[in-house]
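Visitor: I am new to this one. Please take a close look at the salt bridges, and follow where they lead.

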Amino acid sequence: MGHAFVSPIREPLITGRKTYKQITDDICGPVEGPPTKSWLAAISFTAVVALIGFATIGYSIMYGIGTYGLDRTVGWGWDITNFVWWVGIGHAGTLISAILLLFRQKWRTGVNRSAEAMTIFAVMCAGMFPLIHMGRIWLMFFVFPYPNSRGPLWVNFNSPLLWDVFAISTYFTVSLLFWYAGLIPDLATVRDRVTGKWQKKLYSIFSFGWRGSAKEWQRFESLSLILAGLAAPLVLSVHTIVSFDFATSVIPGWHTTIFPPYFVAGAIFSGFAMVLTLMLVARKLLKLEDYITIAHIESMNKVIVLTGSIVGVAYITELFMSWYSGSPYEGYAFRNRVSGPYWWAYWAMMTCNVISPQFFWVQSLRRNVIFTFILSIFINIGMWFERFVIIVISLHRDMLPSAWSYYVPTWVEVTIFIGTLGFFMTCFLLFVKVAPVVAVAEVKSILKTSGDQYITQSPEQVEAEINKLAQSSGHYESLIKPQYDDE
Amino acid sequence: MSSKHSKRILYGLYEDEEILLKAVKNARAEGLSIWNCLTPFPVHGLDHAMGIKDTRLHTAGFVFGATGTLTALTFMSWVNTVSYPINFGGKPNLSLPAFIPITFELTVLFASVGMVLLYLFINRLAPGMEPDILDPRTTSHLFLMGFEIDDSTSKAQIDDVRRVLQETGAVEIAEKNIEEEEDGAIRQIF
């Protein structure tokens, strides 16, 4: 059987000499069986955390956001910090599935489905915060432009806060469509395997009647490519617009043109960290080591060291500009960040985001699962602190020193945040139980180029492959003996 | 619109996509007309080997996207200049740069939603759709090439199909009746 020639330098992305049948069995197996005890224990815990969070949201709606630690100086605290943090985490999924699809990165297939699911759940968590923060959540439809009874009164199309409404809702919709369009063929695979009557019925409904005919796949590929082309600039636009919420205001520390690229890099950085945190656990529990290999982890760690360094350069540029601009207000804002009352938040951010990813220049650490897991948690914490630093430190000492304050969150804010973590984990646990965590069809489509049995290993085999390839393409001489023009 | 027809399908199952591709080419070279191929994942070049026209889904995507662009731009311009012009610091009401983010978002939103809905429609994908399945293993690890036969198909023609299936390496050959709808005008275009 012939197959495409793959350079032996390429590391296999599917190990264990899998056949198509084994791939289906391995990935669909955990979906079909009854839930394990550890899964039940985990989801019970996270669901309780989520419920406590929702109850606290209810409390906050009932009594108003006076229950928060906010005051007239610090109007944005944990709520907006959490919003920006969650949106950032929601960037990895679409980046992996859209931008890496356009770049033809094959390792994407092992992690894209779960990363996209994560995106959707993270954006759901993110979306809650601005809504709760409104105080009067029952009037939330006021943010949409609709014909209303208040005269010809429309929303302000010049406001970045409104752009955010459009950006986040579009991002959520497109991510959901992209994810589900890819999931349909895989759910059909489960439909054709399960034996229980109810299981069969449910998977039949959710797989929308997919058959996998040549025409269906042709349209599927066209749709995936165009959606990827649309989602790639979209993912960049979303955090750009989130950064406009800050950058278009005239608060020292916010009013900088560096914000859009800096926020986007930070979002990808934190998103990949969260993908690693979850996938390193999922890969172990669901026994997916053959599909999410060390090569996948190393690729993601390379993205982390790149984006982490961009974020580091951005922090240092900010510091430099606060001095170089000669603006006393900018200068003070940054001196206050580094050595003011919240110095600990600034240095937590610098340590977790700038110093820690630099370890990934070392290959053995990039390929170390335990180290990667610990570091990914550091980055998650660091990126939360970045948003806290930008929001709270810039606000807490404003132009009027008599109004300066020291913001501390109340139990309500902390509980809501922990509640969203519980909600996120509950959704993710549900997802890994009901749907194939790895994109089955897509992994099969890279088997011939990235399966370990197909990657030619020994030098003799490589030479034989080159000869075969050269002869079949009719350029044997020119490939084996490069011909140069005489002078 | 279209209605359901009963069809008798004679099909062969293959174990590898490259064998299927060769089989499709052979069958077409022998002058046989293929009903359809069912595969567990997209097989590159299969649509061209079968002689299926390229999809026009991307063109539709462009049209949906352009609709989004126009909707956003005209609506925001109308609101800011006609319906409710506000004087904010003497700045122009028709401030195109400020409209760009929302215009972009709506372009993407219209294109994506429109394309996905059209995709579901032309592929007959919806909750509750239950097509007749020839072999459940074609969504897992087997590749199917099928031929439509009916009462007018002669014994010699059927034998011909069976011979081609066997010669091209089918591991199983079977016949089954299914119900299938014919494609209407929209499905044929896209």
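Guide: Over all chains, a search of the whole structure finds 31 salt bridges. The term means a side-chain nitrogen of Lys or Arg within 4 Å of a carboxyl oxygen of Asp or Glu. This is a predicted model, in which local features need pLDDT of at least 70 and side-chain atom pairs count only at pLDDT 80 or more, while totals for chains, interfaces and linings use all residues. Residues are numbered from 1 along each chain as its sequence is written, chains are lettered from A and ligands numbered from 1 in the order in which they are written, and side-chain values use heavy atoms, without hydrogens and water.

Take one pair inside chain A. A:Glu32 and A:Arg193 meet through their side chains, 2.7 Å from N to O. They lie 161 residues apart: A:Glu32 is in helix H1 (residues 20–32) of chain A, and A:Arg193 is in the loop between helix H6 (160–191) and helix H7 (197–206) of that chain. Helices (H or I, at least four residues) and strands (E, at least two) are DSSP runs, numbered from the N terminus.

Now cross to chain B. The interface of chain B and chain A holds five salt bridges by the rule. One pairs A:Lys448 with B:Glu17, with the closest N and O atoms 3.3 Å apart.

Which elements of chain B touch chain A? Helix H1 (17–29), strand E2 (36–38), helix H2 (46–50), helix H3 (57–83) and helix H4 (96–122) of chain B each supply at least two residues. H4(B) gives the most, with 17 residues. This side of chain B divides into 40 nonpolar, 14 polar and 13 charged residues. The contact (heavy atoms within 4.5 Å) takes 67 residues from chain B and 55 residues from chain A. The two chains bury about 5500 Å² between them, 65% of it on carbon and sulfur atoms. Buried area is the accessible area (1.4 Å probe) lost on putting two parts together, summed over both.

E2(B) leads on to a sheet. Four strands of chain B form an open, antiparallel sheet in the order E2-E3-E1-E4. E2 and strand E4 (172–181) of chain B stand at the edges, each with a single partner strand, so one side of each has no neighbour in the sheet. Strands pair if DSSP finds at least two bridges between them. Three bridges join E2(B) to strand E3 (residues 143–149) of chain B. There, B:Asn36 has B:Gly146 as its bridge partner.

Technical notes:
Ala, Val, Leu, Ile, Met, Phe, Trp, Tyr, Cys and Pro count as nonpolar, Asp, Glu, Lys and Arg as charged, and the others, Gly among them, as polar.
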